[in-house]
Amino acid sequence: MVKISRFSFDNPRYQNLLSRRSSIPETVEITVKDVLKNVKEKGDEALHSYMKKFDGVDINEIGLMVTEEEFEAAKAKVSEEFKEAIKRACDNLFRFHRRQLPTGFTEEYENGTVLERKYTPLNSVAVTVPGDMAPLISTLCMNLVPAVVAGVPNIYILTKPRRDGSIDERLLYVADYLGVKNYYKISGSQGLAAVAYGTETVKKVDAITGPGNNYTQMAKKLLFGEVKIDSIAGPSEIVVIADETANPTFIAADMMSQAEHGTGF
């Protein structure tokens with residue numbers, strides 16, 4: 001937190017903070033390019049190899065996708081308070097995103113010409129959601145609900161599994177609550193390569209959304225064109241400008257809102 005008693009956009013300390021720039025190291029790009037190339041050429045063989053190398057899991061042992069039994073177990077594990085919180089959050093998201101739905105129209109001209117604007121959803125979308133350092137539950141809600149509202153028929157989720165092959169029960173509950181059962185136990189640049197190019201067992205998608213570390217975001221950057229992406233969304237920073245009149249509870253809440261977003265890698 002930076003304390004500035006007399007706020008001014010010209011304050012040197014404020015300007016120094018805003019002038020900072022971050023970039024993904026070149027070594028990350030080199031690694032990711034190699035991963036994308038191998039997954040594109042070798043499919044499942046490369047995907048499984050990288051999941052062992054980077055995430056320490058054997059897809060053949062843990063299974064590629066979350067099972068119905070795992071979804072049912074997750075529903076039994078989460079608290080009623082959590083379920084109510086998810087309902088409230090998703091109700092708010094549905095209420096907002098339904099207002100975004102565009103309306104098509106048809107215009108007929110005197111000479112018989114008919115022009116039409118028609119909106120159709122993408123056929124398939126993959127949402128990547130970190131789940132190891134901190135399961136980004138709100139991120140999953142915010143990425144799934146717009147796709148559900150738009151009517152995307154095929155929605156897939158990617159999350160790094162734990163070493164035992166499990167995924168956080170809260171993430172599974174949200175996916176189940178929103179009716180999205182296509183949940184891959186894959187992650188990183190190798191996971192995004194799999195859904196971007198398609199493999200023997202992983203479906204190719206039209207778009208990829210969601211946050212992640214430098215490797216994930218570099219993959220999205222390099223895959224843009226092969227698939228659509230939302231943005232390059234890496235680790236977040238927050239600056240709180242406050243003086244003695246600020247409410248410390250509000251300051252803490254603002255800082256906590258970004259505290260789960262990683263350290264850069």
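Helices (H or I, at least four residues) and strands (E, at least two) are DSSP runs, numbered from the N terminus. Counted in this way, the protein chain has 11 helices and nine strands. This is a predicted model, in which local features need pLDDT of at least 70 and side-chain atom pairs count only at pLDDT 80 or more, while totals for chains, interfaces and linings use all residues. Residues are numbered from 1 along each chain as its sequence is written, and side-chain values use heavy atoms, with hydrogens and water left out.

Of the 265 residues in the protein chain, 40% are buried, where buried means under 20% relative accessible area, exposed over 50%, and partly exposed in between (1.4 Å probe, protein chains only). A contact means heavy atoms within 4.5 Å. Among contacts between residues at least 6 apart in sequence, 68% join residues at least 24 apart.

One place to look is helix α6 (residues 80-97), whose axis comes within 10 Å of that of helix α7 (residues 137-150), with a crossing at roughly 45°. Axes are lines fitted to C-alpha atoms, for helices over the stretch in contact, and angles run from 0 to 180 degrees between N-to-C directions. The angle makes α6 oblique to α7; angles under 35 degrees count as roughly parallel, over 145 as roughly antiparallel, 65 to 115 as roughly perpendicular and the rest as oblique. The crossing is right-handed, meaning that the near helix is turned clockwise from the far one by less than a right angle.

On the α6 side, the contact is made by Phe82, Ile86, Cys90, Leu93, Phe94 and His97, and on the α7 side by Ile137, Cys141, Met142, Val145, Pro146, Val148 and Val149. These residues divide into 12 nonpolar, one polar and no charged (Ala, Val, Leu, Ile, Met, Phe, Trp, Tyr, Cys and Pro count as nonpolar, Asp, Glu, Lys and Arg as charged, and the others, Gly among them, as polar).

Rings of Phe, Tyr and Trp (its six-membered ring) pair if their centres lie within 6.5 Å; planes under 30 degrees apart count as stacked, over 60 as edge-to-face and the rest as tilted. Phe82 and Tyr173 form an edge-to-face pair, 6.0 Å centre to centre with 65° between the planes. Phe82 lies in α6 and Tyr173 in helix α8 (residues 169-177), so the pair ties together parts that are 91 residues apart in sequence.

Tyr173 in turn forms a stacked pair with Tyr177, at 6.1 Å centre to centre and 25° between the planes. The two tyrosines are four residues apart in α8, which means about one helical turn separates them. Tyr173 is buried, with a relative accessible area of 8%, whereas Tyr177 is partly exposed, at 32%. Phe82, Tyr173 and Tyr177 form one aromatic cluster.
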